[in-house]
Amino acid sequence: MNGYCMGATMLAAITCCCAACAGNSQMEPLVAALRGQDDGARWRASIALGHLGKPAVPALVEALRDPDYKVRIAAANAIRDMGSKGAESVPILAENLSYSRDRELGYGAKEPSLYAGSPSMQVRWCAVAALGHIGPKALPAVPALLAMLRGEYESGLVGPKPGDVYGQKHWRAFELRGAAAWVLQKLGPGAAAEYPHVIPALAAALKDPARMVRLNAAAALRKMGPAAQGAVPALLEALKHEDQYTRIYAALAFTALGKQAAPYVPQLIQCHNTVHLDSLSRKRIRRAVFDISGEWPKVEPDSKPSLRGNEWAALGRRDFLLVVQPFGDSSLVIDPDKLIEAFVTARMANAMTCWPDHTWYNTPPPTADQMKQWGMAIVWYFFTEDIFNPKLERDWGFATLDEYNLALTERILEMGRALGKRRCLWSVGHEQMDAVGQWANQPDGSNRPPVFEAKMEGYEFYRRWITTSLHKRHWLEYGSTRPGKFYDGWNTAGKATWEFLADHKIDTSPVTMMSGGVSPVLAHASFDILPQIGAYWWECQIDGASLQIGSAYLRGASRQYGKQWLLDASPWSPVHGGPGWGFVDGKWSGGVTDAMQLRTWVYGYLAGASAVLEESSGGTHFRIEPYPHGPSDRPIMTSVGRTAQAAARFCFDLCPDRGQPYNPVAVLLEHAHGFESRPPHQLPAGRRLGLYADERGRA
Amino acid sequence: MPMSEGEHEIEQFWYAAFPGHSSFPDPGKADPDDPCAIEPLILTESAFGDCFDVLTDKCPLEVLRRYPRVITLGGIVVDKALLAKLLAYVTAGGELVVNAAHLHDSVLTNPAFGCRFGNLVESEGFGDGAKFSLRVLEPNGARAVLTDAAGRPVIVVNQLGKGRIYVVGARHNLSGTGASGKSRWLAPITEFLKRWIEPVWAVRVTTQNGAAPQVMLNKLAKGWLVTIGNHAGRHWKGMIALRLAGAGPVTVEEKWEQKAIASVRQAGVVSWKGEVPQYSFRVYRVAAAEGGTD
């Protein structure tokens, strides 16, 4: 039975199987699919079982004992989706927190991957995510979570071998410790009341070598209320931590104590004054002091150091942005101020991109003043339905998801008003727009690809998909296959961005709006459907599609509609895996090679892109040595970083006049092109190409 | 929705224009110490040069007029309204290549094509054995510029105002009697397109060592940038010739290494020797030297 047929069967099972009357016979096909060999059918069964709720729990408990780790993942995800209804599975989920089968299973040379991790890590991730969603009824899992937080289970994981730079960069065992703290944050004061070891364990985690663990521990303490008193000595120490984010999170944690924190206000103000270049965090700490003491503190003014040094002609360019991504250091260990300073002084770029979501922990978004100091333009990547947003909403202390989204939106618009529309761009997403394989995803776990009798029907579906919340279903598939990234489930309950903006009557005219995709052939359709966008974002390189053909579509669409296009050079390589640090000790450490990156970046410049984005550059252009425990305030430029410098030197210093790309031949297509099925190409491992929308997503 | 003939046509056109694009080198033949050798071919040689923009039938006439050449592809349907726009484009000086398969029945009698349209027949090909479906074209003012082995017109051209219309009778420009995954872009049509594009593509590159390169052009206020991309693992050497109006001395400067390059200007063509290391590119700026014009 293929995946699509299984989807239909599952739908039938659900149709006649409400939560009250679901019997074994009706659940059998779902459980069989969960334990079968078809991965596609498995994840759909997982969603369908999650949809059924409590009647499915006994079968899922059994599945969580299955020898196949994929079955356990699917079962845990089903429980995650049903939330508190899955409470009976807490004991077995807790057992899965120490699941260790890496040695028996083995895994490929390029594992652990950035998103998936090793098989054991994936199982644990999914179990911890399910516990987080069960909520207060997951309290019996606290002893196991504390063991996980202390790293006691990590001996069961197979780490990278000595000298394996790729493995070292992508080794994410620490995320499991951070995830344990995250669940404790969600369990709140009840956990501390019932288990006296919670507060000491969180206090100890403030010294964890991994930033993510420290931040989640501090965020958890903030949720514990007066019980956090026991962590005050550790929090006071954390206020002086060398890592700025740790200091900020520790300061905010004092709000848990309410008025009882008043004696520590001097230390909080002192901490405030050690936070540089981050006015948003400084503001949050001042707010915390006000909440504690009832008075706004007298503090040193926000620092305004000049980092620009000598003027650089590139900073005045309006026609072309070379964009780096210093916010949200994916290597998680470099001091954020030092990293930004390194990017600015290295003359690598004249713009920065900020992705306030899409990250595990808060990356304080920059202010307009900061951007002006650095002389940089900005490209925002933010969408209101992002599955990370609920965590960020809690971490920042917003009352609702809407409040969080409104605050971020206002920050973006404020920057547009300060920098000007040409120097402040806002993309509402791309990868969720055109993976046609995911257009078939249904919330009940069935899989029903839309059937188009004519191309215009495909066009109209695409219109609905990109302009409404329908495209949230894209994340449904990811939510079941990439737990490391999407642990919080696929549906935030928040509306997708265009609907959110319309509901709140938000005027986006101060910024250049963008939509986009991984398929460049849909640029004409996007410009036509969304006249409010000024540019199309094309994520390229990631799947091996021709830049020349993709650019012919984008450039033509831009010229036809009088718009711009951004070339997002993703460093994820279909042959070299996740991005590394270029050459390290003469060996290639992963990702698209420096030689290809350089050609891609310069190609984008000459081909007429108004912006070229060096995606993930925060984790590739600089590193610390030794990794990950070297001095976090001393970023060292990698070979990728040197390549970026060379590209910037070419675009801005050696060849600042690119004129206009000369393309005298117009290829004239029907407007509703790009919606027909295409066969897979002869590529390794069933990979598909990204020029056309329906070649992605089903690999 | 199954893949239509038009989509096969688009797909095969891009393979003709950028041979080998979006594929992976054979890892068995790659140097194991060279991480570049197995990377996907996202940049490749360009058979016609990087000379294309894609527009759609919604494109306004004023945008269309910026292009001296237009070719229709895919599932486009040239009906009366679209034909009116295209004829306005041609009479003002543009050149249009349209495939008979793209023409709606309602426009087949339009005199602008300079030919009568007959039935669809099977052509035995161009002597290469590659059969294809051919719409019979009977010139009626137009002239044939490409014929099949049997002497039947495959492409005809008609002068209209300041421009020309070319009609291609080979169905969707593809081999086979019905477009499918096995159909290929017809090689003689590729050769025709090269000749058709050449007058508006000012650069010609000849390879002496290495693999055929990618060629890009950027128009400057005064002069040109000529970019040669070498995406293979071998050093590239060759001759680059750029047609340049005007007279007098010119300068050629390679922008990556900031080197002046010796060049020769003869009969309106500037020529110089080019070299590009493996997996790299070079960008030449060509402009009139002091006292010259371009």
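Good morning. I begin with A:Lys505, which is exposed, with 6 other C-beta atoms within 10 Å. What we have here is a predicted model. A:Lys505 sits in the loop that runs between helix H25 (497-503) and strand E5 (512-517) of chain A. Its phi is near 50°, a positive value in a residue other than glycine. For context, most residues other than glycine have a negative phi, and most peptide bonds are trans.

A second residue belongs in this discussion. A:Arg347 has a positive phi of about 55°, although this residue is not a glycine. In chain A, the loop between helix H19 (336-345) and strand E2 (351-354) contains A:Arg347. Is A:Arg347 buried, exposed or partly exposed? A:Arg347 counts as partly exposed, because 18 other C-beta atoms lie within 10 Å, and a residue is buried only from 20 or more.

I turn now to the peptide bonds. A:Glu625 and A:Pro626 are joined by a cis peptide bond, with omega about -5°. Another cis bond links A:Tyr627 to A:Pro628, and there omega is about 0°. A:Pro626 lies in the loop between strand E11 (622-623) and strand E12 (636-637) of chain A, and A:Pro628 likewise lies in the loop between E11 and E12.

Setting aside residues up to four places away in sequence, B:Val167 touches several residues of chain B, among them B:Val98, B:Phe113, B:Leu137 and B:Ile155. In soluble globular proteins, nonpolar side chains tend to be buried together. Thank you.

Definitions and conventions
Residues numbered from 1 in each chain as written. Chains lettered and ligands numbered in written order. Predicted model: local features only at pLDDT ≥ 70, side-chain atom pairs only at ≥ 80, totals over all residues. Contact = placed C-beta atoms within 7 Å. Helix = DSSP H or I, 4+ residues; strand = E, 2+ residues; numbered from the N terminus. Buried ≥ 20, exposed ≤ 12 C-beta atoms within 10 Å, placed from the backbone.
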